[in-house]
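Hi,

Here is the structure I promised to pass on. Have a look first, and my notes follow below.

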Amino acid sequence: MNEKAIRCVATVRAPVERAFAVFTEGFATWWPREYTWSGEALGTIGIEPGEGGFCFELGPHGFRCD
C-alpha cells in the first residue's frame, strides 16, 4: 500500500492555548454531522484534550467510535 501524508496549515490570530481549546472543546459546534457515523442520531463528538487525545464520537445505544 502506498500511503502519503496530508498536511494542512492554518494561521490564526490567537495564542496557541486558546486556538487549541477552541478547536478541541468546540469541535461539536463546527464539525458537520453528515461526516459522522451516527448522522442525526449523534450524541456528541469531540477531541480529548492533550497530546495523544482521541477524536471520538458517541452515538445511540452506547456506540463509541474513536
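**What I found**

Strand β2 (residues 55–58) and β3 run antiparallel and are joined by two bridges. Within that pair, L58 sits across from R64 in β3. Strands count as paired if DSSP finds at least two bridges between them.

Before going on, a word on where this comes from: it is a predicted model, where local features need pLDDT of at least 70 and side-chain atom pairs count only at pLDDT 80 or more, while totals for chains, interfaces and linings use all residues. Residues are numbered from 1 along each chain as its sequence is written, and side-chain values use heavy atoms, with hydrogens and water left out.

The sheet is open, with three strands in the order β1-β2-β3 and antiparallel pairing. β1 (44–47) and β3 (64–65) are at the edges with a single partner strand each, so one side of each has no neighbour in the sheet.

Overall, the chain has two helices and three strands, running α-α-β-β-β from the N terminus. The chain is more spread out than a compact globule, because its radius of gyration is 14 Å, well over the 11 Å that the globule rule gives for 66 residues. (That radius is taken over C-alpha atoms, and the rule is 2.2 Å times the number of residues to the power 0.38; helices are DSSP runs of H or I with at least four residues, strands runs of E with at least two, numbered from the N terminus.)

Buried residues, meaning those under 20% relative accessible area with a 1.4 Å probe and protein chains only, make up 21% of the 66 residues.

Cheers

Definitions and conventions:
Buried means under 20% relative accessible area, exposed over 50%, partly exposed in between (1.4 Å probe, protein chains only).
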